[in-house]
Amino acid sequence: MRKRKPMFLLLSALLMMTMVTAACTKKEEAKPSASESSSPQKSAGASEQASEPSALEPVELTYYFPGTPQRDLALVEAEMNKILKEKINATIKLNLLDWGSFEQKMNVMSGAGDSFDLMFTAPWINNYYQNVAKGALLPLDDLLDQYAPKTKAAVPQSVWDSTKINGKIYGSINWQIVAMPYGVSIRKDLADKYKLDLSQMTKYEQLEPFFEQIVQNDKGVTPMSFQNNYDNFTVQAPYFGMDTIGEDASPGWYYLNKPEVKVVNQYATPEFKQFIDLMYQWNQKGYIRKDASSITDTTSDFKAGKYAANVGFPVKPGAEGELKTRYGFEFVTKAFSQPLITTGRAIATMTGISKTSKNPERAMMFIELINSDKDLYNLLCHGIEGKHYVFTNKDKGVIGLPEGVKPEEVGYTPGTDWMFGNQFNGFYASEADVGNWDKTIELNNQAVSSSLLGFNFNPDPVKTELTQTASVTKQYLSALTTGTVDPNKVLPTFLDKLKAAGADKIAAEKQKQIDEWISSKK
Amino acid sequence: MELRKRSRLPAAQIMLHVILLIISLLCILPLIVVISASLSDEAALTQNGYSLIPTQFSLDAYQFLFRQPDQLLRSYGVTFLVTGIGTIASLLVTSLLAYPLSRKDFQLRRSLSMYILFTMLFSGGLVPSYMVVSRVFHLKDTIWSLILPYLVIAWFVFLMRTFFATIPDEIIESAKIDGVGEYRLYFQIIVPLSTPVLATIGLFCTLNYWNDWYLALLYIDDRNLIPLQYLLMNIMKNIEVINSSVNATTSIIPSDTVRMATATLAIGPIIFVYLFFQKFFVRGLTVGAVKG
């Protein structure tokens with residue numbers, strides 16, 4: 001026993017030493033990056049030289065983004081480097097990480113302070129807010145103004161504002177659809193069969209006669225699909241005249257049409273009651289599968305023709321074409337809610353510059369090029385002309401597969417043009433899509449901005465309550481929105497449990513943060 | 001009394017057998033369903049659900065996975081190599097560490113045990129260990145980054161030490177009196193006496209290396225060094241993403257059957273390891289049971 005004590009002392013001393021040294025090295029590392037972040041001002045002259053690439057030192061940029069492995073990535077990279085070398089005397093190293101590992105790998109890399117330049121970041125993967133909180137991202141305001149005027153100009157100021165955290169922009173927006181109306185998509189053959197006139201419809205209730213006909217006449221077809229990770233109430237808050245705050249399903253939404261932002265518990269609203277009553281009726285009538293609340297993936301059932309309609313469907317321009325390729329059936333769509341720009345949607349995909357970047361100016365020049373140079377952008381999105389795609393209609397910018405090549409044989413089809421830059425510079429994938437970019441831009445312009453656009457809810461003060469309410473919500477919500485249980489019996493229990501889990505406290509915290517945000521704007 | 005006991009015994013045994021039979025069926029049936037599903041046609045699977053015998057036989061799922069056989073075979077190679085080298089090296093180092101700890105005449109016994117125990121209670125955490133592997137040892141994108149981090153696992157060291165401690169001191173003493181040196185003592189006397197524990201821990205290590213994808217996630221960017229489990233995991237994840245955000249240029253991929261086929265491929269070879277270890281394994285189960 002006597003021997004043990006000095007051992008403990010020694011060990012704890014060792015532990016403390018490693019902690020201290022770790023802290024020291026961290027500080028040392030932080031220093032150069034801090035000086036780098038201030039270097040844009042120092043190298044202000046560089047922007048004038050940007051037009052003369054030879055004046056710039058050659059550098060290599062590294063770019064991390066998620067995707068599926070692409071055989072010809074190196075070829076595309078080489079082609080891109082030809083353009084980049086000429087324009088900004090830089091080369092790019094494309095690091096495509098698998099979807100399943102991107103998040104964790106980025107986390108560790110930025111945690112360990114590995115040096116790299118560009119990364120994909122969003123609230124849903126490689127979390128933007130956490131990256132900013134950790135100090136993994138560089139503030140981009142000055143860099144954007146100086147090196148990326150076109151990128152800055154293409155995106156409305158209100159959307160830039162929504163990226164701001166403590167008044168600074170940390171991510172460059174990949175400009176694309178930001179306003180999404182929700183509604184319904186219905187298999188065209190069935191809609192035609194029963195002469196469904198969608199144009200006059202504004203509410204889900206009006207679909208009832210159509211669903212009834214399907215139940216009566218089409219054996220094996222369920223009128224309405226449901227996926228338990230995509231709940232029909234939460235996804236389409238604007239349909240109910242409300243909008244979400246923070247985590248979508250967390251208690252505390254607000255009504256859009258009221259002048260004052262007043263946080264309410266959405267599950268206690270008459271709109272919710274009305275919706276789940278309807279779903280209960282529909283379930284009783286057989287419009288929804290009895291086991292709907294346990295279904296996680298409807299793709300294969302849609303392909304097998306077992307569903308007629310998808311409720312709470314994001315109706316964007318070109319959606320019909322996508323459904324056709326996904327399910328093999330023609331679809332018709334109709335939006336039931338107005339398009340609304342929310343913070344989450346506005347910043348759904350961004351490119352950030354790492355704090356550890358040795359060349360943030362050049363990284364920003366790359367962002368400017370990928371957002372404004374159509375050749376470079378389409379190279380990254382679709383690969384090399386003739387090898388990975390051919391033009392089927394060059395004037396309109398429609399591309400297709402090279403002749404005799406099967407889709408799975410193409411060496412480069414990341415299929416994520418929304419991830420790299422201004423999507424409206426991209427090619428169309430089919431003739432039917434032509435004009436969709438203009439339609440989307442129009443949709444973006446017409447859309448109403450959420451009055452909370454730019455507000456970011458900080459969940460930390462009510463973390464415990466959020467976790468508790470989330471587990472209550474998980475237990476009850478999909479049973480209610482699929483109509484599996486009788487709302488009159490279960491809804492009161494659900495509300496009681498939510499209350500006990502701290503729903504009111506969350507709503508109060510949301511209200512407090514919103515009030516602070518509004519008063520800070522004035 | 002005697003008679004009654006005798007007549008009862010078969011009934012009890014039948015009961016026991018029935019119970020064991022049910023348990024083994026519960027273990028085997030899901031496996032058969034998985035294999036059957038992997039050999040089914042995707043559409044038929046959705047229409048008819050899972051069954052013990054494929055309703056519509058199809059090799060689509062395997063065809064999809066073997067579309068680029070070079071990558072899959074490479075990954076099998078990497079996994080075999082890592083598992084092989086890893087298990088042997090790990091057994092060697094672990095036992096060479098555990099053995100001295102079991103010897104009562106070893107002076108640093110206590111402090112070394114404490115040191116090992118310490119790593120069980122407190123770990124450096126993800127980021128520091130990443131930094132050690134990638135910056136201090138520069139193991140990123142090498143096969144060693146898949147082997148070295150799991151070389152010594154504290155728990156296994158203690159398991160082995162406990163077993164070694166059950167070997168009577170008299171054996172060691174008498175060997176010493178016969179003039180055996182430490183190395184010969186270890187390799188010719190201790191090791192043959194310890195096959196149960198070596199086999200048990202060998203199996204643990206094999207499974208550990210075989211099933212690992214996490215090290216690859218952290219340290220491997222080079223596609224030539226991707227081990228099997230990591231490759232399969234990524235294939236699955238990528239299918240999910242592709243199918244949920246399809247655009248006109250990608251074709252639709254069978255997902256449920258492929259999921260089952262990847263599971264089948266992942267467990268395939270490792271099942272035989274159990275057969276190999278089985279004879280040691282039963283004895284090994286009692287390892288450390290006597291002295292805690």
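What follows is a tour of chain B and then chain A, with a few housekeeping notes first.

This is a predicted model, so local features need pLDDT of at least 70 and side-chain atom pairs count only at pLDDT 80 or more, while totals for chains, interfaces and linings use all residues. Residues are numbered from 1 along each chain as its sequence is written, chains are lettered from A and ligands numbered from 1 in the order in which they are written, and side-chain values use heavy atoms, with hydrogens and water left out.

**Stop 1: the domains of chain B**

Colour chain B in two parts: domain 1 is 1-58 and domain 2 is 69-284, with bounds that come from an automatic or database domain assignment. Ten residues from domain 1 of chain B and ten residues from domain 2 of chain B take part in the contact (heavy atoms within 4.5 Å). Between them the two domains bury about 750 Å², 72% of it on carbon and sulfur atoms. Buried area here is the accessible area (1.4 Å probe) that two parts lose on being put together, summed over both.

Now select Val34(B), Ser38(B) and Glu42(B): in domain 1 of chain B they lose the most area to domain 2, together 56% of what that side buries. How many salt bridges are there between domain 1 and domain 2 of chain B? The count is zero, where a salt bridge means a side-chain nitrogen of Lys or Arg within 4 Å of a carboxyl oxygen of Asp or Glu.

**Stop 2: a nonpolar patch**

Stay on chain B and show Leu25(B), Ile28(B), Leu29(B), Ile32(B), Leu52(B) and Ile53(B), which make a nonpolar surface patch of about 530 Å². Patches are made of residues with over 30% relative accessible area and no salt bridge, with like charges joined within 9 Å and nonpolar side chains (Val, Leu, Ile, Met, Phe, Trp, Tyr) within 5 Å. The areas come from the Shrake-Rupley method with a 1.4 Å probe, and for residues only the protein chains shown count as cover.

Zoom in on Leu25(B), which sits in helix α1 (residues 2-38) of chain B. Helices (H or I, at least four residues) and strands (E, at least two) are DSSP runs, numbered from the N terminus. With a relative accessible area of 44%, Leu25(B) is partly exposed; buried means under 20%, exposed over 50%, partly exposed in between (1.4 Å probe, protein chains only).

**Stop 3: salt bridges**

A search of the whole structure turns up 25 salt bridges over all chains.

Over in chain A, select Lys193(A) and Asp218(A): their salt bridge has its closest N and O atoms 2.8 Å apart. Lys193(A) is in helix α9 (residues 188-193) and Asp218(A) in the loop between α10 (208-217) and β6 (222-225), 25 residues apart. Buried or partly exposed, which is Asp218(A)? It is buried, at 12%, and Lys193(A) is partly exposed, at 45%.

Next come Lys285(A) and Glu208(A), whose side chains meet in a salt bridge (2.6 Å, N to O). Lys285(A) lies in helix α11 (residues 270-285) and Glu208(A) in helix α10, so this pair ties together parts that are 77 residues apart in sequence.

**Stop 4: Thr299(A)**

Finish at Thr299(A), in helix α12 (residues 299-303) of chain A. Thr299(A) counts as buried, at 12% relative accessibility. Leaving aside neighbours within four places in sequence, Thr299(A) is in contact with Arg326(A) and Tyr327(A).
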